[in-house]
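I opened the file today and kept notes as I went. The entries are in the order in which I looked things up.

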Amino acid sequence: MTKKMLVAMAATMALALPGVASAGSNDMDVVVDGHAGTETRTLAVSLADLNLASTNGMRRADSRLVRASKQVCGFVNGSVLPVTDDYRNCYGSAIEGARSDLTSLAQRQS
């Protein structure tokens, strides 16, 4: 099993278990879920090295979440050809959930 698969499994288990924070498998991880068609991809994004109380830290965190949201929805090597409604819906849902978790994480860190 690859490291990526283990991270995805841990993130999925953390989200499925009651009483576990939805912000991820680690106190400073945000789990990004992308649902495209019948496929779901999950990626844990570590924010442990960032100070979420600072504007710069939040900007860097958001940039990581945008990149991860694109990745779980199929944005590879700079493009999705063609950009479909399915991709747009996947990305919108993924980034919305990730930003919500980021806000919760930032409030806990403050």
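**Entry 1: confidence**

I noted that this is a predicted model, so I checked confidence before anything else. The mean pLDDT of the protein is 79, and 71% of the residues score at least 70. Where pLDDT is low, the predicted coordinates should not be read in detail. I left those stretches there.

**Entry 2: overall layout**

I listed the elements and found three helices and two strands. Along the sequence they run α-β-β-α-α. The protein has 110 residues, and 32% of them count as buried. I also looked at contacts with a separation of 6 or more: residues 24 or more positions apart account for 50% of them.

**Entry 3: the hairpin**

How do β1 and β2 pair, parallel or antiparallel? Strand β1, residues 29–36, and strand β2, residues 39–46, are antiparallel, with eight bridges between them. Two residues lie between the strands of this hairpin, and G37 has a positive phi near 65°. I found A36 opposite E39 of β2.

E39 also has a salt bridge to R41, with N to O at 3.0 Å. E39 has a relative accessibility of 41%, so I put it down as partly exposed. R41, at 33%, is partly exposed as well.

**Entry 4: the disulfide**

I searched the whole structure for disulfides and got one. It joins C73 and C90, whose sulfur atoms are 2.0 Å apart. C73 is in the loop between α2 (55–72) and α3 (85–109), while C90 is in helix α3, 17 residues away, and the pair links distant parts of the chain. Is the disulfide left-handed or right-handed? The torsion about the S-S bond is about -85°, so the disulfide is left-handed. Both cysteines, C73 and C90, are buried.

**Entry 5: helix α3**

Next I asked which residues of α3 are buried. They are Y87, C90, A94, I95, A98, D101, L102, L105 and A106. An α-helix has 3.6 residues a turn, so residues three or four places apart point the same way. The elements that cover the buried residues of α3 include β1 and α2.

I then went to Q109, which is in α3. Q109 has a relative accessible area of 32%, so it counts as partly exposed. Leaving aside neighbours within four places in sequence, Q109 contacts M28, L50, N51, L52 and A53. M28 is 81 residues from Q109 along the chain, yet their C-alpha atoms are separated by 9.2 Å.

**Entry 6: the salt bridges**

How many salt bridges are there? I counted four. I looked at two others here.

R64 and D49 meet in a salt bridge with N to O at 2.8 Å. This pair links distant parts of the chain, with R64 in helix α2 and D49 in the loop between β2 and α2, 15 residues apart. R64 is at 17% relative accessibility, and because buried means under 20%, R64 counts as buried. D49 is exposed at 53%.

R99 and D62 form a salt bridge as well, their closest N and O atoms 2.6 Å apart. R99 is in α3 and D62 in α2, 37 residues apart, so I logged this as another link between distant parts of the chain. R99 is partly exposed at 37% relative accessibility, and D62 is partly exposed at 23%.

Definitions and conventions. Residues are numbered from 1 along each chain as its sequence is written. This is a predicted model: local features need pLDDT of at least 70, side-chain atom pairs count only at pLDDT 80 or more; totals for chains, interfaces and linings use all residues. Side-chain values use heavy atoms; hydrogens and water are left out. Two strands pair if DSSP finds at least two bridges between them. Helices (H or I, at least four residues) and strands (E, at least two) are DSSP runs, numbered from the N terminus. A disulfide is a pair of cysteine sulfur atoms within 2.5 Å. Buried means under 20% relative accessible area, exposed over 50%, partly exposed in between (1.4 Å probe, protein chains only). pLDDT is the predictor's confidence in each residue, from 0 to 100. Contact means heavy atoms within 4.5 Å. A salt bridge is a side-chain nitrogen of Lys or Arg within 4 Å of a carboxyl oxygen of Asp or Glu.
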